[in-house]
Amino acid sequence: MQMKHSIVALAALGALVGTVSAQDVVVKIGHVGPASGPQAHFGKDNENGARMAIEEANAQGVTIGGKKVKFELVAEDDAADPKQGTAVAQKLCDAKVAGVVGHLNSGTTIPASKVYNDCGIPHVTGAATNPDLTKPGYNTTYRIIANDNALGAGLALYSARTLGVKRVAVVDDRTAYGQGVAGVFKKASAELGVSVVSDQFTTDKATDFMAILTAIKAQKPDAIFYGGMDPQAGPMLRQMQQLGLSKVKFFGGDGICTTELPKLSANSKALDSVVCAEGALSLAKMPGGTAWKARYDAKYPGQYVLYSPYTYDATMLLIDAMKRAGSWDPKVYIPELKKSHYKGVTANIEFEANGDLKNPAITLYVYRDGKKTPLN
């Protein structure tokens with residue numbers, strides 16, 4: 001009889017354990033980037049970073065407010081298109097995700113930020129650099145990378161003071177990012193006594209730049225600055241070589257500063273003239289960069305582009321704020337997110353009042369023997 005009671009008790013205990021396990025709370029975190037179109041390599045890399053963080057957090061076993069939590073990534077494609085970006089942002093609001101990592105482009109992130117603010121969901125970008133993003137001061141908007149003011153000014157200073165550039169041509173892709181970083185570079189260059197001898201524009205879908213480059217060649221610049229992304233910078237470098245412009249310095253922000261650029265330029269000789277800037281430390285100098293990159297490469301071989309360490313940190317940052325607040329409810333954990341002191345892979349992350357990263361670093365890069373190499 002005693003044995004029968006014990007068996008019943010064990011069965012009841014087993015049922016209870018099963019119930020607890022079944023009641024693990026699923027907390028959804030959104031990720032948005034261009035999973036289609038010419039910038040899909042960025043989107044895939046960014047999603048990989050967020051997914052890696054989710055999987056590592058789940059493997060650690062996270063408890064929030066006394067409840068065991070399982071995180072789930074809800075990945076959406078904005079195709080680097082502002083209208084699709086706001087539609088996807090609304091979709092994530094309707095799905096009641098706890099937070100969002102993204103977007104990649106300033107042109108999609110800026111309009112999406114209002115949608116997230118209106119529905120009270122925080123988003124963290126590690127890629128959108130236009131300073132206008134944080135101007136509204138939404139308590140839902142956070143950036144963990146330097147903005148274009150730092151990138152454009154840093155490149156202008158290097159071009160004028162270190163390389164002695166006197167005449168520069170500027171091209172931008174008419175996006176919020178491209179125009180923003182080009183505008184800062186032009187203003188800073190003028191203040192340093194550099195003449196802008198040609199001011200041209202293209203689109204973020206173009207691949208033929210021969211007319212623009214021919215017009216620029218006639219002005220005999222020492223350098224060309226391109227405000228845009230690598231799917232355009234690559235062909236532009238190939239066409240510079242065709243026009244005998246390989247030795248003209250080619251500057252750009254983080255959008256061109258990728259491991260894909262050599263391939264996209266077909267290893268053009270003009271690649272040797274590239275100087276680009278990223279709004280953070282180089283991987284080797286990041287607090288956890290080297291160890292993180294080894295894990296990333298083992299999980300996603302050959303897929304690293306640029307921003308995945310930041311999307312990884314952005315995801316972990318949201319989770320850390322939830323843990324500290326004891327809640328995944330944005331209303332409860334946003335105050336904790338705002339006062340983060342998070343030791344990430346990319347940096348020790350703290351925020352200014354407007355959601356920008358405190359004390360961001362910038363790193364300049366060149367390409368040596370087709371390999372992206374930090375200058376500082």
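The questions below cover a helix, pockets, aromatic rings and charges.

Visitor: What kind of model is this, and how are residues numbered?

Guide: This is a predicted model, where local features need pLDDT of at least 70, side-chain atom pairs count only at pLDDT 80 or more, and totals for chains, interfaces and linings use all residues. Side-chain values use heavy atoms, with hydrogens and water left out, and residues are numbered from 1 along each chain as its sequence is written.

Visitor: What span should helix H11 have, and how far apart are its end C-alpha atoms?

Guide: Helices (H or I, at least four residues) and strands (E, at least two) are DSSP runs, numbered from the N terminus. The expected span is 1.5 Å times one less than the number of residues. H11 holds 18 residues, 308–325, so it should span 26 Å, and its end C-alpha atoms agree at 26 Å apart.

Visitor: How many residues of H11 are buried?

Guide: Buried means under 20% relative accessible area, exposed over 50%, and partly exposed in between (1.4 Å probe, protein chains only). H11 is mostly covered, and of its 18 residues the buried ones number 15.

Visitor: Which residue just after H11 takes a positive phi?

Guide: The phi value is about 70°. The residue is Gly-326.

Visitor: Is Ala-266 buried or exposed?

Guide: Ala-266 is found in the loop between helix H9 (261–264) and strand E11 (274–278). Its relative accessibility is 52%, so Ala-266 counts as exposed.

Visitor: Which residues are closest to the centre of the largest pocket?

Guide: On a 1 Å grid over the protein atoms alone, a pocket is an open set of points where a 1.4 Å probe fits, with protein on both sides within 12 Å along at least five of seven lines; lining residues have an atom within 4 Å of a point. The largest pocket has about 380 Å³ of space, the volume being that filled by probe spheres set on points joined across faces, edges and corners. Of its 21 lining residues, the closest to the centre are Thr-259, Leu-283, Lys-293, Tyr-304 and Lys-372.

Visitor: Which elements give two or more residues to the lining of the second largest pocket?

Guide: The second largest pocket has a volume of about 230 Å³. Among the residues closest to its centre are Lys-96 and Pro-330. The elements are strand E1 (25–33) and helix H12 (330–338).

Visitor: Why is the pair of Phe-42 and Tyr-307 called tilted?

Guide: Rings of Phe, Tyr and Trp (its six-membered ring) pair if their centres lie within 6.5 Å; planes under 30 degrees apart count as stacked, over 60 as edge-to-face and the rest as tilted. By this rule there are 10 aromatic pairs. The centres of Phe-42 and Tyr-307 are 5.9 Å apart and their planes lie at 35°, so the pair is tilted.

Visitor: How many residues apart are Phe-42 and Tyr-307?

Guide: Phe-42 is buried at 0% relative accessible area, and Tyr-307 counts as buried at 2%. Phe-42 lies in helix H2 (residues 40–60) and Tyr-307 in the loop between H10 and H11, so the pair links distant parts of the chain. The separation is 265 residues.

Visitor: Which charged end sits over the ring of Tyr-365?

Guide: A charge sits over a ring if NZ of Lys or CZ of Arg is within 6 Å of the ring centre and within 35 degrees of the ring normal. Over Tyr-365 the charged end is 4.5 Å from the ring centre, and it belongs to Lys-372.
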